[in-house]
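Take a look at the fold below. Follow the chain from its start, then turn to the overall shape and the surface.

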Amino acid sequence: MKEKLYRFFAGRYGNDSLNQFLFFLEIVLVVLSLFIRHFAFTILFFMVFFLYFYRTMSKNIYARQAENAKFIALRSKGTHTLKAMQKNMQDKSYKHFVCPKCSQIIRVPKGRGNIEITCPNCRTRFSKKS
């Protein structure tokens, strides 16, 4: 019986960052459905559950890796934006920006007006007001 389970799960995608986020979202939806009795939370829960299960059991590993890479890029953009906002509140002599292409945080001096910033990582140029 144990060998049959091993053979069944061989080649399956399993768990990644996007699946961990979906699992956390399922927990939030369950808690919300306990406190707020609305049918929409139940439908959302089952949709997220089936997406989680589908991604975990999928044998199309390359497609799941591409989805996960897009999720990680989106998540890193959001976390870097929040970190830049936090640094802008703490640091009074510099302003922090996030590169639109690679999401690296770039520090520039304040009070220089409209400046063109070149990302040291990917060499993307963009204009912002310092």
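In what order do the elements of the protein run from the N terminus on? The order is α-α-α-α-β-β-β-β. That gives 4 helices and 4 strands. Helices (H or I, at least four residues) and strands (E, at least two) are DSSP runs, numbered from the N terminus.

This is a predicted model, in which local features need pLDDT of at least 70, side-chain atom pairs count only at pLDDT 80 or more, and totals for chains, interfaces and linings use all residues. Residues are numbered from 1 along each chain as its sequence is written, and side-chain values use heavy atoms, with hydrogens and water left out.

Now the overall shape. Of the 130 residues, 24% count as buried, meaning under 20% relative accessible area with a 1.4 Å probe, protein chains only.

Next, a hairpin. Strands S3 (residues 114-118) and S4 (residues 125-129) run antiparallel, joined by 5 bridges. Two strands pair if DSSP finds at least two bridges between them. Glu116 of the protein stands opposite Ser127 in S4. Between the strands of this hairpin lie 6 residues. Arg123 takes a positive phi there, near 65 degrees.

Conventions. Buried means under 20% relative accessible area, exposed over 50%, partly exposed in between (1.4 Å probe, protein chains only).
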